[in-house]
Structure formats: C-alpha cells, structure tokens
Amino acid sequence: MTAITIGRLSTATGVKIETIRYYERAGLIDPPARTEGNYRSYGADDVARLGFICRTRDLGFSLEEIRALLDLAGQRDRDCGEVDALASQHLVEVDRKIADLQSLRRQLSAAISTCAGGTVAECRILEAFSSDMANVQNGAQG
C-alpha cells in the first residue's frame, strides 16, 4: 500500500479526521511521517491499527484498555493471559451495565404503566419521577 493522506485514511476507515488526530495525541497512533509539503502520510499498518482501535471502541473498551491491548498485541510471543484478563474484566463491566439498564427499563416501564391519560397536572409518570427525585433528595439528606 502506498502512503495515504489523513483524508484518505478517514475515508478508508470511516473515522473522522479529528478523531484520528485525537488518537494521535492520545498516543494510540504513532505520529505519522510527513510529506515534503508537511502533510501527514499513513501506511497499511496505520489503517490496520486504526481498524483495531475502532473495533475495540465499538466493543466499549476505554482508551486505557485499548492502549494496553495494543501494547500486548505488539508482543506476539507473549502469553495471551493478560488479553484474556482484560477482555474478561470488560465483560464483567458490560454485564453490570446491562443489569443497570434492565433495572432502568423496569422502572421506566412501571412509570409508563401508571399513565391513565388526562392532563399534565394529573400525569402519573411525572408524579413517579417527582417521587423518585424526592426519595433521592431525602436519601442524600439522611
């Protein structure tokens, strides 16, 4: 693959130019070579690395987790136990978020099921939200 500009890298990967620059500043992508005109110049390794970053971001990994995974990926002869541990730890976090969202869904569904129509002044959903806020405020005071 010949060298490509940041615009072509953006097109090839679907990643916005500002995001590519952000990943460079964050140290996830090495600073690219520069052309005589001082334009960034990327290669096939950069396309692959950016693809890896995008996929792990899609899976919800943090930048620090991605940095660790990239570091481990660069040590090809190393045991993959740390990769497994990072992925397993992330799965635990995903499961916790799913449980939180399921709880949120139950609460919202319960509030919606109380709706009997009428005016906003009689709205059971808003009433449920208000009582939830009162419970939070009372809990914070106690």
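The model is predicted, and its chain contains 6 helices and 2 strands. Overall, the chain is more spread out than a compact globule, because its radius of gyration of 24 Å is well over the 14 Å that the globule rule gives for 142 residues.

**Fold and dimensions**
- In sequence order, the elements of the chain follow the pattern α-α-β-β-α-α-α-α.
- The C-alpha trace of the chain spans about 70 × 40 × 30 Å along its principal axes.

**Burial and contacts across the chain**
- Of the 142 residues in the chain, 20% are buried.
- Considering contacts between residues at least 6 apart in sequence, 43% join residues at least 24 apart.

**Packing of helix 1 and helix 2**
- Two packed helices are described by the angle between their axes and the distance between the axes.
- Helix 1 covers residues 6-13 and helix 2 covers residues 17-25; their axes come within 9 Å and cross at roughly 105°.
- Helix 1 is therefore roughly perpendicular to helix 2, since angles of 65 to 115 degrees fall in that class.
- Helix 1 contributes I6, G7, L9 and S10 to the contact, while helix 2 contributes I17, I20 and R21.
- By residue class, this contact of helix 1 with helix 2 comprises 4 nonpolar, 2 polar and 1 charged residues.

Key
Residues numbered from 1 in each chain as written. Predicted model: local features only at pLDDT ≥ 70, side-chain atom pairs only at ≥ 80, totals over all residues. Heavy atoms only, no water. Axes fitted to C-alpha atoms, helices over the stretch in contact; angles between N-to-C directions. Helix = DSSP H or I, 4+ residues; strand = E, 2+ residues; numbered from the N terminus. Parallel < 35°, antiparallel > 145°, perpendicular 65-115°, else oblique. Contact = heavy atoms within 4.5 Å. Nonpolar A, V, L, I, M, F, W, Y, C, P; charged D, E, K, R; others polar. Rg over C-alpha atoms; globule rule 2.2 N^0.38 Å. Buried < 20%, exposed > 50% of the residue type's maximum accessible area, 1.4 Å probe, protein only.
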